Amino acid sequence: MNYRPVLVSAAFLFLFAVIGSGMVAYTHENTAERIHDNERRALLKSLHELIAPERYDNDIFHDVLYVRDRQLLGTDKPVAVYRARKNGWPVAAVIAAVAPDGYNGSIRLLVAINLDGTLAGVRVVEHRETPGLGDAIETSRSDWILGFRGKSLENPGKEGWKVKRDGGQFDQFTGATITPRAVVKAVHNALLYYRQHGKELFEQHPEAASQS
Amino acid sequence: MTDTRTIIRDGLWTNNVGLVQILGLCPLLAVTGTFINGLGLGLATMATLIASNVTISAIRSLVRPEVRIPVFVLVIASIVTVIELLMSAYLYDLYKVLGIFIPLIVTNCAIIGRAEAFASRHSVLPAFLDGLSMGLGFMLVLVTLGGMREIIGHGTLFSHAHRMFGNLLPDITIVFAGDYQGFLLAVLPPGAFIGLGLIIALKNIIDKRLQARASRVTAAAVPAVQPGH
(Lines give C-alpha, C1' and ligand atoms only; values in the text may rest on other atoms or scores of the structure.)
Protein backbone atom coordinates (compact mmCIF):
# COMPACT_ATOMS: atom_id res chain seq x y z
CA MET A 1 0.00 0.00 0.00
CA ASN A 2 1.18 3.46 -0.81
CA TYR A 3 1.25 5.74 2.21
CA ARG A 4 2.57 8.76 0.40
CA PRO A 5 -0.73 10.53 -0.43
CA VAL A 6 -1.95 10.03 3.12
CA LEU A 7 1.23 11.52 4.56
CA VAL A 8 1.14 14.44 2.14
CA SER A 9 -2.47 15.16 3.11
CA ALA A 10 -1.64 14.94 6.80
CA ALA A 11 1.34 17.24 6.39
CA PHE A 12 -0.81 19.70 4.48
CA LEU A 13 -3.49 19.68 7.14
CA PHE A 14 -0.81 20.16 9.78
CA LEU A 15 0.61 23.10 7.85
CA PHE A 16 -2.80 24.74 7.77
CA ALA A 17 -3.34 24.16 11.46
CA VAL A 18 -0.02 25.90 12.11
CA ILE A 19 -0.84 28.85 9.82
CA GLY A 20 -4.33 29.20 11.30
CA SER A 21 -3.12 29.08 14.91
CA GLY A 22 -0.34 31.48 14.01
CA MET A 23 -2.84 33.96 12.64
CA VAL A 24 -5.02 33.72 15.73
CA ALA A 25 -2.02 33.97 18.06
CA TYR A 26 -0.72 37.03 16.24
CA THR A 27 -4.09 38.81 16.44
CA HIS A 28 -4.49 37.84 20.07
CA GLU A 29 -1.04 39.19 20.85
CA ASN A 30 -1.90 42.51 19.25
CA THR A 31 -5.39 42.94 20.67
CA ALA A 32 -5.18 41.40 24.16
CA GLU A 33 -4.19 44.63 25.83
CA ARG A 34 -6.89 46.62 24.10
CA ILE A 35 -9.56 44.06 24.98
CA HIS A 36 -8.49 44.07 28.61
CA ASP A 37 -8.56 47.85 28.52
CA ASN A 38 -12.11 47.82 27.09
CA GLU A 39 -13.35 45.54 29.86
CA ARG A 40 -11.69 47.70 32.44
CA ARG A 41 -13.13 50.89 30.98
CA ALA A 42 -16.65 49.42 30.81
CA LEU A 43 -16.44 48.49 34.49
CA LEU A 44 -14.98 51.86 35.46
CA LYS A 45 -17.80 53.58 33.62
CA SER A 46 -20.43 51.75 35.66
CA LEU A 47 -18.44 52.43 38.83
CA HIS A 48 -18.31 56.13 37.98
CA GLU A 49 -22.06 56.26 37.46
CA LEU A 50 -22.45 54.89 40.97
CA ILE A 51 -19.75 56.84 42.77
CA ALA A 52 -18.79 60.20 41.28
CA PRO A 53 -15.06 60.27 40.46
CA GLU A 54 -14.50 63.33 42.69
CA ARG A 55 -15.64 61.43 45.76
CA TYR A 56 -12.58 59.21 45.81
CA ASP A 57 -8.93 59.42 44.88
CA ASN A 58 -7.68 55.83 45.03
CA ASP A 59 -7.22 53.37 42.17
CA ILE A 60 -10.63 51.81 42.71
CA PHE A 61 -10.14 49.24 39.97
CA HIS A 62 -7.19 47.70 41.80
CA ASP A 63 -8.36 48.34 45.36
CA VAL A 64 -10.40 45.20 45.21
CA LEU A 65 -11.15 42.45 47.67
CA TYR A 66 -12.68 39.06 46.97
CA VAL A 67 -15.20 37.70 49.45
CA ARG A 68 -17.47 34.69 49.59
CA ASP A 69 -20.94 34.43 51.02
CA ARG A 70 -23.26 32.04 49.28
CA GLN A 71 -26.28 33.12 51.27
CA LEU A 72 -26.07 36.88 50.94
CA LEU A 73 -24.10 37.42 47.74
CA GLY A 74 -25.89 34.84 45.64
CA THR A 75 -22.98 32.77 44.38
CA ASP A 76 -20.41 30.20 45.50
CA LYS A 77 -17.69 32.02 43.64
CA PRO A 78 -15.62 34.84 45.11
CA VAL A 79 -17.36 38.20 44.68
CA ALA A 80 -15.37 41.35 43.97
CA VAL A 81 -15.70 44.31 46.34
CA TYR A 82 -14.28 47.56 44.96
CA ARG A 83 -13.40 50.08 47.62
CA ALA A 84 -13.51 53.84 47.15
CA ARG A 85 -11.34 55.93 49.48
CA LYS A 86 -10.42 59.58 49.75
CA ASN A 87 -7.15 60.57 51.44
CA GLY A 88 -7.04 57.02 52.74
CA TRP A 89 -10.49 57.23 54.40
CA PRO A 90 -13.18 54.80 53.27
CA VAL A 91 -15.97 56.38 51.22
CA ALA A 92 -17.99 53.56 49.72
CA ALA A 93 -17.85 49.90 48.72
CA VAL A 94 -19.13 48.46 45.46
CA ILE A 95 -20.15 44.81 45.78
CA ALA A 96 -20.45 42.75 42.59
CA ALA A 97 -23.38 40.77 44.01
CA VAL A 98 -25.43 38.23 42.08
CA ALA A 99 -29.19 37.77 42.05
CA PRO A 100 -29.34 33.97 41.58
CA ASP A 101 -33.10 33.72 41.04
CA GLY A 102 -33.82 35.81 37.95
CA TYR A 103 -36.42 34.61 35.47
CA ASN A 104 -33.70 33.22 33.25
CA GLY A 105 -30.65 32.53 35.39
CA SER A 106 -28.42 34.80 37.41
CA ILE A 107 -28.41 38.58 37.20
CA ARG A 108 -25.01 40.16 37.91
CA LEU A 109 -25.19 43.46 39.74
CA LEU A 110 -22.98 46.20 41.07
CA VAL A 111 -24.30 47.41 44.43
CA ALA A 112 -22.62 50.58 45.66
CA ILE A 113 -22.99 51.22 49.39
CA ASN A 114 -21.83 54.41 51.08
CA LEU A 115 -19.87 54.18 54.33
CA ASP A 116 -23.00 55.03 56.34
CA GLY A 117 -24.93 52.10 54.87
CA THR A 118 -27.07 54.03 52.36
CA LEU A 119 -27.12 52.91 48.75
CA ALA A 120 -25.14 55.04 46.31
CA GLY A 121 -26.81 53.12 43.51
CA VAL A 122 -27.26 49.79 41.77
CA ARG A 123 -26.49 48.77 38.18
CA VAL A 124 -27.03 45.58 36.20
CA VAL A 125 -23.86 44.25 34.64
CA GLU A 126 -25.19 41.17 32.93
CA HIS A 127 -28.53 39.41 32.66
CA ARG A 128 -30.58 37.14 30.40
CA GLU A 129 -34.05 38.37 31.32
CA THR A 130 -36.81 38.51 28.73
CA PRO A 131 -36.30 41.38 26.28
CA GLY A 132 -39.18 43.83 26.52
CA LEU A 133 -40.29 42.60 29.95
CA GLY A 134 -37.55 41.86 32.46
CA ASP A 135 -34.92 44.01 30.78
CA ALA A 136 -36.45 47.15 32.31
CA ILE A 137 -33.78 46.67 35.00
CA GLU A 138 -31.29 48.16 32.50
CA THR A 139 -30.79 51.90 32.67
CA SER A 140 -31.18 52.10 28.89
CA ARG A 141 -34.70 50.69 29.15
CA SER A 142 -36.15 52.35 32.24
CA ASP A 143 -35.29 54.38 35.34
CA TRP A 144 -36.44 51.66 37.70
CA ILE A 145 -33.00 50.76 39.04
CA LEU A 146 -32.20 54.39 39.88
CA GLY A 147 -34.87 54.15 42.60
CA PHE A 148 -32.46 52.30 44.91
CA ARG A 149 -30.34 55.38 45.41
CA GLY A 150 -30.48 56.64 49.01
CA LYS A 151 -32.28 53.56 50.34
CA SER A 152 -30.85 51.63 53.27
CA LEU A 153 -31.74 48.80 55.65
CA GLU A 154 -33.76 51.24 57.78
CA ASN A 155 -35.37 53.05 54.86
CA PRO A 156 -37.55 51.18 54.06
CA GLY A 157 -37.50 48.62 56.86
CA LYS A 158 -37.38 44.88 56.40
CA GLU A 159 -41.00 44.67 55.22
CA GLY A 160 -40.48 47.38 52.63
CA TRP A 161 -37.67 45.52 50.83
CA LYS A 162 -40.06 43.69 48.53
CA VAL A 163 -41.90 44.43 45.32
CA LYS A 164 -45.34 45.96 45.73
CA ARG A 165 -47.13 42.74 44.89
CA ASP A 166 -45.44 41.11 47.91
CA GLY A 167 -46.39 44.05 50.12
CA GLY A 168 -43.17 46.01 49.76
CA GLN A 169 -42.16 49.39 48.39
CA PHE A 170 -40.64 48.64 45.01
CA ASP A 171 -42.52 48.66 41.71
CA GLN A 172 -42.73 45.50 39.68
CA PHE A 173 -42.98 45.67 35.88
CA THR A 174 -46.08 44.99 33.84
CA GLY A 175 -45.86 41.28 33.06
CA ALA A 176 -42.64 40.74 35.00
CA THR A 177 -42.48 40.34 38.76
CA ILE A 178 -39.79 37.70 39.09
CA THR A 179 -36.99 39.87 37.73
CA PRO A 180 -37.50 42.92 40.01
CA ARG A 181 -38.20 40.59 42.95
CA ALA A 182 -34.82 38.92 42.41
CA VAL A 183 -33.00 42.24 42.12
CA VAL A 184 -34.66 43.74 45.22
CA LYS A 185 -33.80 40.65 47.24
CA ALA A 186 -30.19 40.65 46.04
CA VAL A 187 -29.72 44.35 46.88
CA HIS A 188 -31.24 43.82 50.32
CA ASN A 189 -28.91 40.86 50.91
CA ALA A 190 -25.91 42.92 49.83
CA LEU A 191 -26.91 45.56 52.39
CA LEU A 192 -27.19 42.86 55.08
CA TYR A 193 -23.76 41.62 54.10
CA TYR A 194 -22.39 45.13 54.37
CA ARG A 195 -23.88 45.55 57.83
CA GLN A 196 -22.20 42.32 59.00
CA HIS A 197 -18.84 42.83 57.34
CA GLY A 198 -18.64 46.55 56.47
CA LYS A 199 -15.72 47.35 58.76
CA GLU A 200 -13.60 44.40 57.62
CA LEU A 201 -14.19 45.26 53.98
CA PHE A 202 -12.20 48.46 54.29
CA GLU A 203 -9.57 47.20 56.72
CA GLN A 204 -8.06 44.51 54.56
CA HIS A 205 -5.47 45.59 52.06
CA PRO A 206 -5.65 44.14 48.60
CA GLU A 207 -2.30 42.41 49.08
CA ALA A 208 -3.36 40.83 52.34
CA ALA A 209 -6.67 39.77 50.82
CA SER A 210 -5.08 38.03 47.89
CA GLN A 211 -2.87 36.04 50.24
CA SER A 212 -5.63 34.92 52.53
CA MET B 1 -16.20 31.19 -16.32
CA THR B 2 -19.20 32.38 -14.42
CA ASP B 3 -20.61 35.70 -15.45
CA THR B 4 -20.11 38.55 -12.96
CA ARG B 5 -23.71 39.70 -13.16
CA THR B 6 -25.03 36.19 -12.50
CA ILE B 7 -22.85 35.92 -9.39
CA ILE B 8 -24.11 39.21 -8.03
CA ARG B 9 -27.75 38.50 -8.86
CA ASP B 10 -27.47 35.02 -7.31
CA GLY B 11 -26.07 36.41 -4.07
CA LEU B 12 -28.45 39.29 -3.67
CA TRP B 13 -31.66 37.73 -4.91
CA THR B 14 -32.01 34.47 -6.86
CA ASN B 15 -29.98 32.33 -4.47
CA ASN B 16 -30.04 34.56 -1.36
CA VAL B 17 -28.49 32.84 1.67
CA GLY B 18 -31.24 33.87 4.08
CA LEU B 19 -34.32 33.76 1.83
CA VAL B 20 -33.65 30.94 -0.64
CA GLN B 21 -30.92 28.75 0.81
CA ILE B 22 -32.36 29.39 4.32
CA LEU B 23 -28.91 28.91 5.83
CA GLY B 24 -27.52 30.47 8.98
CA LEU B 25 -30.92 30.69 10.63
CA CYS B 26 -29.62 30.64 14.19
CA PRO B 27 -27.81 34.00 14.09
CA LEU B 28 -30.37 35.33 11.63
CA LEU B 29 -33.22 34.85 14.06
CA ALA B 30 -31.31 35.48 17.27
CA VAL B 31 -29.62 38.83 16.71
CA THR B 32 -32.13 40.69 14.56
CA GLY B 33 -33.78 42.46 17.47
CA THR B 34 -32.59 45.80 16.17
CA PHE B 35 -31.29 47.22 12.90
CA ILE B 36 -27.80 47.90 14.25
CA ASN B 37 -27.37 44.40 15.69
CA GLY B 38 -28.37 42.95 12.32
CA LEU B 39 -25.91 45.23 10.55
CA GLY B 40 -23.11 44.24 12.94
CA LEU B 41 -23.54 40.52 12.48
CA GLY B 42 -24.14 41.02 8.75
CA LEU B 43 -20.83 42.80 8.32
CA ALA B 44 -18.98 40.19 10.40
CA THR B 45 -20.51 37.38 8.33
CA MET B 46 -19.73 39.17 5.08
CA ALA B 47 -16.11 39.73 6.11
CA THR B 48 -15.82 36.03 6.98
CA LEU B 49 -17.40 34.96 3.69
CA ILE B 50 -15.10 37.14 1.60
CA ALA B 51 -11.96 36.16 3.49
CA SER B 52 -12.77 32.44 3.48
CA ASN B 53 -13.84 32.42 -0.18
CA VAL B 54 -10.66 34.18 -1.29
CA THR B 55 -8.38 32.00 0.86
CA ILE B 56 -10.02 28.76 -0.22
CA SER B 57 -10.03 29.73 -3.87
CA ALA B 58 -6.35 30.65 -3.66
CA ILE B 59 -5.37 27.28 -2.19
CA ARG B 60 -7.87 25.17 -4.12
CA SER B 61 -5.28 23.53 -6.37
CA LEU B 62 -3.09 22.58 -3.39
CA VAL B 63 -5.77 20.97 -1.27
CA ARG B 64 -6.24 17.26 -1.76
CA PRO B 65 -9.91 16.39 -2.05
CA GLU B 66 -9.84 13.93 0.88
CA VAL B 67 -8.76 16.61 3.38
CA ARG B 68 -10.55 19.59 1.85
CA ILE B 69 -13.36 19.78 4.44
CA PRO B 70 -11.02 19.86 7.49
CA VAL B 71 -8.89 22.46 5.71
CA PHE B 72 -11.98 24.61 5.00
CA VAL B 73 -13.06 24.33 8.61
CA LEU B 74 -9.58 25.31 9.80
CA VAL B 75 -9.47 28.33 7.50
CA ILE B 76 -12.97 29.48 8.48
CA ALA B 77 -12.43 28.92 12.21
CA SER B 78 -9.18 30.91 12.17
CA ILE B 79 -10.78 33.78 10.27
CA VAL B 80 -13.77 33.91 12.60
CA THR B 81 -11.57 33.87 15.70
CA VAL B 82 -9.50 36.72 14.30
CA ILE B 83 -12.68 38.70 13.55
CA GLU B 84 -13.99 38.00 17.04
CA LEU B 85 -10.79 39.29 18.63
CA LEU B 86 -10.79 42.38 16.42
CA MET B 87 -14.41 43.11 17.29
CA SER B 88 -13.87 42.83 21.00
CA ALA B 89 -10.88 45.13 20.62
CA TYR B 90 -12.46 47.80 18.44
CA LEU B 91 -16.27 47.44 18.71
CA TYR B 92 -16.56 46.41 22.34
CA ASP B 93 -20.14 47.58 22.89
CA LEU B 94 -21.40 45.71 19.86
CA TYR B 95 -19.29 42.70 20.80
CA LYS B 96 -21.02 42.51 24.18
CA VAL B 97 -24.38 42.24 22.39
CA LEU B 98 -23.38 39.90 19.56
CA GLY B 99 -20.64 38.15 21.54
CA ILE B 100 -21.94 34.61 21.62
CA PHE B 101 -23.09 34.69 18.00
CA ILE B 102 -19.73 35.59 16.52
CA PRO B 103 -18.17 32.15 17.18
CA LEU B 104 -21.37 30.70 15.74
CA ILE B 105 -20.44 32.15 12.35
CA VAL B 106 -18.11 29.14 12.13
CA THR B 107 -21.12 26.89 12.15
CA ASN B 108 -23.05 29.06 9.70
CA CYS B 109 -23.52 26.52 6.92
CA ALA B 110 -23.64 29.33 4.38
CA ILE B 111 -19.89 29.85 4.72
CA ILE B 112 -18.71 26.26 4.31
CA GLY B 113 -21.46 25.89 1.72
CA ARG B 114 -20.01 28.65 -0.44
CA ALA B 115 -16.49 27.34 0.15
CA GLU B 116 -17.46 23.90 -1.11
CA ALA B 117 -19.93 24.87 -3.83
CA PHE B 118 -18.23 27.90 -5.29
CA ALA B 119 -14.81 29.00 -3.97
CA SER B 120 -13.17 25.59 -4.37
CA ARG B 121 -14.12 25.54 -8.07
CA HIS B 122 -13.48 29.11 -9.18
CA SER B 123 -10.56 31.49 -9.33
CA VAL B 124 -9.92 34.19 -6.77
CA LEU B 125 -11.80 37.09 -8.36
CA PRO B 126 -15.16 35.37 -8.88
CA ALA B 127 -14.79 33.79 -5.43
CA PHE B 128 -14.30 37.25 -3.95
CA LEU B 129 -17.36 38.53 -5.80
CA ASP B 130 -19.40 35.55 -4.68
CA GLY B 131 -18.41 36.13 -1.04
CA LEU B 132 -19.22 39.81 -1.35
CA SER B 133 -22.64 39.38 -2.92
CA MET B 134 -23.68 36.38 -0.80
CA GLY B 135 -22.58 38.29 2.31
CA LEU B 136 -24.36 41.41 1.18
CA GLY B 137 -27.53 39.44 0.45
CA PHE B 138 -27.41 37.88 3.93
CA MET B 139 -26.77 41.27 5.50
CA LEU B 140 -29.72 42.82 3.67
CA VAL B 141 -32.02 40.17 5.10
CA LEU B 142 -30.56 40.73 8.59
CA VAL B 143 -31.07 44.50 8.50
CA THR B 144 -34.55 44.26 6.94
CA LEU B 145 -35.68 41.81 9.59
CA GLY B 146 -33.88 43.80 12.32
CA GLY B 147 -35.47 47.04 11.14
CA MET B 148 -38.93 45.50 10.99
CA ARG B 149 -38.69 44.00 14.45
CA GLU B 150 -37.24 47.18 15.91
CA ILE B 151 -39.98 49.40 14.48
CA ILE B 152 -42.78 47.07 15.53
CA GLY B 153 -41.27 45.89 18.79
CA HIS B 154 -39.68 49.04 20.19
CA GLY B 155 -41.09 51.82 18.02
CA THR B 156 -37.60 53.03 17.11
CA LEU B 157 -35.11 52.60 14.29
CA PHE B 158 -31.30 52.83 14.25
CA SER B 159 -31.10 52.87 18.05
CA HIS B 160 -27.75 52.08 19.74
CA ALA B 161 -25.82 53.19 16.65
CA HIS B 162 -22.94 54.18 18.92
CA ARG B 163 -22.28 50.48 19.53
CA MET B 164 -21.09 50.29 15.97
CA PHE B 165 -19.88 53.75 15.06
CA GLY B 166 -18.77 55.01 18.46
CA ASN B 167 -18.91 58.76 18.52
CA LEU B 168 -18.48 59.16 14.75
CA LEU B 169 -22.19 59.62 14.28
CA PRO B 170 -24.60 61.71 16.31
CA ASP B 171 -27.53 59.85 17.82
CA ILE B 172 -29.54 58.85 14.76
CA THR B 173 -32.28 56.99 16.59
CA ILE B 174 -35.67 57.61 14.99
CA VAL B 175 -38.48 57.44 17.53
CA PHE B 176 -41.86 56.79 15.95
CA ALA B 177 -44.00 57.17 19.05
CA GLY B 178 -42.77 58.62 22.32
CA ASP B 179 -44.81 56.58 24.76
CA TYR B 180 -44.89 53.36 22.75
CA GLN B 181 -45.25 50.39 25.07
CA GLY B 182 -43.60 47.98 22.67
CA PHE B 183 -45.03 44.94 20.97
CA LEU B 184 -43.54 41.93 22.69
CA LEU B 185 -44.17 39.37 19.97
CA ALA B 186 -41.88 41.18 17.56
CA VAL B 187 -39.08 41.33 20.13
CA LEU B 188 -39.22 37.65 21.10
CA PRO B 189 -37.98 34.76 18.89
CA PRO B 190 -41.43 33.89 17.44
CA GLY B 191 -41.51 37.39 15.97
CA ALA B 192 -38.28 36.64 14.16
CA PHE B 193 -39.75 33.49 12.60
CA ILE B 194 -42.93 35.28 11.55
CA GLY B 195 -40.95 38.21 10.17
CA LEU B 196 -38.64 35.96 8.16
CA GLY B 197 -41.68 34.07 6.84
CA LEU B 198 -43.26 37.33 5.70
CA ILE B 199 -40.06 38.45 3.94
CA ILE B 200 -39.76 35.10 2.13
CA ALA B 201 -43.43 35.33 1.12
CA LEU B 202 -42.88 38.85 -0.20
CA LYS B 203 -39.89 37.69 -2.23
CA ASN B 204 -41.95 34.87 -3.73
CA ILE B 205 -44.76 37.28 -4.67
CA ILE B 206 -42.28 39.60 -6.39
CA ASP B 207 -40.69 36.66 -8.22
CA LYS B 208 -44.07 35.45 -9.42
CA ARG B 209 -45.05 38.91 -10.68
CA LEU B 210 -41.73 39.25 -12.50
CA GLN B 211 -42.17 35.84 -14.05
CA ALA B 212 -45.73 36.64 -15.15
CA ARG B 213 -44.60 39.89 -16.71
CA ALA B 214 -41.67 38.19 -18.46
CA SER B 215 -43.93 35.57 -20.03
CA ARG B 216 -46.44 38.27 -21.07
CA VAL B 217 -43.63 40.23 -22.72
CA THR B 218 -42.41 37.21 -24.69
CA ALA B 219 -45.99 36.30 -25.63
CA ALA B 220 -46.56 39.83 -26.88
CA ALA B 221 -43.21 39.92 -28.63
CA VAL B 222 -43.65 36.70 -30.59
CA PRO B 223 -46.68 37.71 -32.76
CA ALA B 224 -45.13 41.11 -33.39
CA VAL B 225 -42.15 39.42 -35.02
CA GLN B 226 -44.13 36.93 -37.10
CA PRO B 227 -45.61 39.30 -39.72
CA GLY B 228 -42.09 40.09 -40.82
CA HIS B 229 -41.57 36.52 -42.02
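**Note on the contact between chains A and B, and on some local features**

1. The contact takes 26 residues from chain B and 23 residues from chain A, where contact means heavy atoms within 4.5 Å. This is a predicted model, in which local features need pLDDT of at least 70 and side-chain atom pairs count only at pLDDT 80 or more, while totals for chains, interfaces and linings use all residues. Residues are numbered from 1 along each chain as its sequence is written, chains are lettered from A in the order in which they are written, and side-chain values use heavy atoms, with hydrogens and water left out.

2. About 2,100 Å² is buried between chain B and chain A, and carbon and sulfur atoms give 77% of that area; buried area is the accessible area (1.4 Å probe) that two parts lose on being put together, summed over both. On the side of chain B that touches chain A, α4 (68–90), α5 (92–98) and α9 (184–187) of chain B each supply at least two residues, helices being DSSP runs (H or I, at least four residues) and strands likewise (E, at least two), numbered from the N terminus. The largest share of this side, 13 residues, comes from α4(B).

3. Which aromatic pair in chain A is tilted, with 5.0 Å from centre to centre? A:F12 and A:F16 form this pair, with 45 degrees between the planes; rings of Phe, Tyr and Trp (its six-membered ring) pair if their centres lie within 6.5 Å, and planes under 30 degrees apart count as stacked, over 60 as edge-to-face and the rest as tilted. Both residues lie in helix α1 (residues 4–50) of chain A, four residues apart, about one turn of the helix. A:F12 counts as buried because its relative accessibility is 14%, and A:F16 counts as buried at 11%, given that buried means under 20% relative accessible area, exposed over 50% and partly exposed in between (1.4 Å probe, protein chains only).

4. Most residues other than glycine have a negative phi, and most peptide bonds are trans. A:N87, however, has a positive phi near 50 degrees, and is placed in the loop between β2 (79–86) and β3 (89–95) of chain A, where A:N87 counts as exposed because its relative accessibility is 62%. B:I22 also has a positive phi, of about 50 degrees, and lies in the loop between α1 (4–14) and α2 (25–30) of chain B.

5. A cis peptide bond, with omega about -5 degrees, joins A:N155 and A:P156, and A:P156 is found in the loop between β6 (119–126) and α3 (178–203) of chain A.
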